Amino acid sequence: MNSEKVAITMARGDGIGPEIMDATLRIIEAAGANIAVEEIEIGEKVYLRGISSGIEESSWESLLRTKVFLKSPITTPQGGGFKSLNVTVRKTLGLYANIRPTISYYPYVSTKHPVMDVVIVRENEEDLYAGIEHRQTDEVYQTLKLISRPGTEKIVRYAFEYAKQYGRKKVTCFTKDNIMKMTDGLFHKVFDEIAVEYPDIENEHWIVDIGAAKLADTPEAFDVIVLPNLYGDILSDVAAQIAGSVGLAGSSNIGDHGAMFEAIHGSAPRRAGMNMANPSGLLLGAVMMLNHIGQSDVAEKVHNAWLRTLEDGVHTYDIFKEGTSKEKVGTKEFAQAIIARIGQKPVHLKPVVYTSKDRQEIKSWPLVRRTYKKQTIGVDVFVMWKGTPDELGAKIDKFGNDHYSFRVISNRGQKVYPNGRPETFTTDHSRCRFLVNESHSNPEMSHNEIIEILQKFTNAGIDFIKIENLCTFDGEKGFTVIQGE
Ligand code: NAD
């Protein structure tokens, strides 16, 4: 082992965080982890001091230097104004890949799924977690779902490289591209493109709703699953819970400029300070960290001692089951039981073997950043309108000219004018679509024309709330058609 201690940044977090961190540090230090721990404060106390990010500026110095963060869960105070610390750290350090292995430990931990070994590779920076939300009208709120090609390429490639490194047979992609044809459609398309580069690894795509049902029912059908941020967040909790307990799964967040290791669960405030919580999730996060910093011998010792403890029936309340378990213990006693088994291996469960190949390295691949021929051919003008669609339509019918024309009004995506149906429920949030006339020799709408259109809305006393330019990229439409258009 390298005699130089590896500096890591550590935060005890909130709720059950301090207890599970103490247990984790005791275990890994007893197993010989060669680390110099730098503690920083994050979470509730920091938020309540008025720092909306949940982390002091001074704490970044340690994080940016060590580039390794072992973190307990935190409590995000309810109410507006507080930004998610997890999202901030992931984005600041570019931690684009969230790896969440979920394994069942049958028959030692009770589960309906004795054969389950699924690794969820969740995209960590994009999707609905951009946090770009607006209230646009009296009645309507909006959040932006952003999926980028480079972001998708990185996570999909990470999933296939992970499968290759660990000898996994199949990578499955989950999206909802039958509805979100552009955002999830891009994720699926990039998955198909990259899958071709890995002919030895099977690949498949499921629509996320039926895929989730299948995962909850038959997890043994899956191996590695790659998916956008929100689906990954939800389904990794489902996967961990059906494997035995949400308290059993650890996770790593890997990126170009660092790595963060944590449990997948939250701060479970109702269990705080009771010496009840299961520290396994954070401990398995720490095992991933030890591999990451090149201390795979220690990682192996810790993981095997933990497996042996499970096998010996020494269980915290969340996995304790009369008949299967032998001893119900608290957080501290569970840690002590693991420490007592350091050097031992499980007898029935498969022991882990870690080598330097298990380093979860920070990898980066060249990204092809293409430029397309982008042409603006129209604009969607969103307005707050309290009247009927026909009243709005009558006002804007004449806003066109020989170059562009008003085409259609939709409300929550459904066409309501012209020829809307009186049965369609409408809110105060309408979209008015303008497109260049196909018969015109100039196919492009200029920015000045868009300003001219907005001026017409203003002159007519209609409250426009935002616009979206309608563009083509190398001639391909960059927008969806309106339902019923
Ligand atoms: P949670 O995961 O904290 O707890 C849900 C339930 O799961 C608990 O009541 C408990 O019964 C069980 N549980 C969770 N971890 C356990 C463990 N280690 N041992 C035994 N049982 C365990 O989810 P929540 O109640 O929705 O969230 C609580 C707080 O945690 C919120 O403020 C939320 O924002 C935050 N949170 C933080 C993170 C993070 O920091 N990474 C992640 C998720 C939620």
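Two exercises with worked solutions follow, both on a predicted model.

**Exercise 1**

Determine how helix α1 is oriented relative to helix α11, and describe the residues at their contact.

Solution. 

Step 1. Locate the helices: α1 covers residues 17–30 and α11 covers residues 331–340.

Step 2. Take the geometry of the pair. The axes lie 9 Å apart, and the angle between the helices is about 10°.

Step 3. Classify the angle. Angles under 35 degrees count as roughly parallel, so α1 is roughly parallel to α11.

Step 4. List the residues that meet. From α1 these are Glu19, Ile20, Ala23, Arg26, Ile27 and Ala30. Their counterparts in α11 are Thr331, Lys332, Ala335, Gln336, Ile338 and Ile339.

**Exercise 2**

Describe the interface between domain 1 and domain 2 in terms of buried area and salt bridges.

Solution. 

Step 1. Domain 1 runs over 6–358 and domain 2 over 374–477.

Step 2. Find the separation: the domain centres, taken over C-alpha atoms, are 44 Å apart.

Step 3. Count the residues in contact. Domain 1 contributes seven residues and domain 2 contributes eight residues.

Step 4. Examine the pair lysine 386 and aspartate 138. These two residues form a salt bridge, with 2.5 Å between the closest N and O atoms. A salt bridge requires such atoms to be within 4 Å.

Definitions and conventions:
Residues are numbered from 1 along each chain as its sequence is written. This is a predicted model: local features need pLDDT of at least 70, side-chain atom pairs count only at pLDDT 80 or more; totals for chains, interfaces and linings use all residues. Side-chain values use heavy atoms; hydrogens and water are left out. Axes are lines fitted to C-alpha atoms, for helices over the stretch in contact, and angles run from 0 to 180 degrees between N-to-C directions. Helices (H or I, at least four residues) and strands (E, at least two) are DSSP runs, numbered from the N terminus. Angles under 35 degrees count as roughly parallel, over 145 as roughly antiparallel, 65 to 115 as roughly perpendicular and the rest as oblique. Contact means heavy atoms within 4.5 Å. Domain bounds come from an automatic or database domain assignment. Buried area is the accessible area (1.4 Å probe) that two parts lose on being put together, summed over both. A salt bridge is a side-chain nitrogen of Lys or Arg within 4 Å of a carboxyl oxygen of Asp or Glu.
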